[in-house]
Amino acid sequence: MDYRSAGVDIEAGYESVRLMKQFVARTMRPEVMTDLGGFSGAFSMDAVKGMEHPTLLSGTDGVGTKLKLAFVMDRHDTVGIDCVAMCVNDVACAGGEPLFFLDYIACGKNNPEKIAKIVSGVAEGCVQSGSALIGGETAEMPGFYPENEYDLAGFSVGVADKKDLITGADIRPGDVLVGIASSGVHSNGFSLVRSVFSCDEKTLGTYHESLGATLGEVLLRPTKIYVKALRSVKDAGVRIKGCSHVTGGGFYENVPRMLPEGVKAVIRKDSYEVPPIFHLLQKEGDISGKIMYNTFNMGIGMVLALDPKDADAAIEAVSRAGERAYVIGSVEESTQKCAEVI
């Protein structure tokens with residue numbers, strides 16, 4: 001009896017590390033002080049020397065049941081982008097610059113080629129966000145996970161000068177809400193998605209004229225990473241008063257998280273074009289509008305609260321970063337801190 005006969009292949013673990021090194025190398029920053037394979041990742045704090053009050057920010061998240069679609073489609077090179085996005089977007093919407101990232105992959109069987117594909121997506125997400133991938137863990141857990149399945153989670157650390165933190169404290173009635181477009185469903189609401197559609201190979205491979213692609217292709221599109229867009233807004237001299245990453249819970253749960261007491265966010269559904277995938281989901285699942293906006297991002301992945309005079313400059317800055325943005329609503333006086341979708 002040995003470890004391999006118990007279901008854990010140590011040699012496969014070594015091969016996974018060897019294969020992923022080429023992808024990890026793409027993410028390196030000058031501050032990285034260690035090579036992949038050590039017991040910890042070291043990152044120099046030289047990046048914060050010019051700050052008055054350097055403040056660390058962190059975010060952790062996973063991909064959730066969207067992974068079930070990757071299993072069916074046998075496509076594993078994009079879910080890593082989702083994992084990074086869910087973490088670094090949280091750091092960025094607080095005003096932080098993501099510095100480094102760590103991932104955790106738990107699987108039933110370590111297939112080195114599959115693990116390398118997953119990590120290639122993580123590395124791509126790190127490149128998009130300017131983060132260094134300085135470490136991670138691949139845990140082979142036979143008997144806990146099915147042989148062909150895995151879970152994927154990650155952890156991001158970023159930094160901001162205290163004076164640059166986005167807190168929402170000075171949001172006032174009359175401020176405008178600018179929404180930055182999503183790529184689709186992103187990484188939330190997939191338990192409902194999988195209840196609406198039979199997520200088997202045939203269903204996911206079906207082409208939909210309204211989508212311009214197969215259902216699986218649209219649903220598996222990775223989550224947008226908004227780090228560059230938010231940096232572009234800041235570089236344009238625009239002060240972001242508040243910022244909300246629209247994840248699970250949609251507008252109703254996430255937008256109020258950036259608001260101070262005494263105001264509410266009013267979002268106008270007709271202010272932008274909702275992507276076709278959400279119309280298809282609502283129709284096929286017979287889902288009410290309230291549930292849709294309380295579950296999905298509905299085409300808006302990030303909401304910014306701005307002084308009205310800064311709206312045009314912010315939208316132009318987002319466009320220069322390669323993303324689309326719209327004025328989607330306003331802030332109004334209210335006795336209840338909440339979001340309304342009208």
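Cys107 is buried, with a relative accessible area of 2%, where buried means under 20% relative accessible area, exposed over 50% and partly exposed in between (1.4 Å probe, protein chains only). The model is predicted, so local features need pLDDT of at least 70 and side-chain atom pairs count only at pLDDT 80 or more, while totals for chains, interfaces and linings use all residues. Residues are numbered from 1 along each chain as its sequence is written, and side-chain values use heavy atoms, with hydrogens and water left out.

The structure holds zero disulfides, a disulfide being a pair of cysteine sulfur atoms within 2.5 Å.

| Cysteine | Nearest cysteine sulfur | Distance |
|---|---|---|
| Cys87 | Cys83 | 5.2 Å |
| Cys107 | Cys83 | 15 Å |

Cys87 is also buried, with a relative accessible area of 0%.

Strand S2 covers residues 97-107, and because eight of its eleven residues are buried, S2 is largely enclosed by the rest of the structure; helices (H or I, at least four residues) and strands (E, at least two) are DSSP runs, numbered from the N terminus. Two strands pair if DSSP finds at least two bridges between them. With strand S4 (residues 150-161), S2 pairs in the antiparallel sense over ten bridges, and Phe100 stands opposite Val157 in S4. With strand S3 (residues 132-140), S2 pairs in the parallel sense over eight bridges, and Ile105 stands opposite Thr138 in S3.
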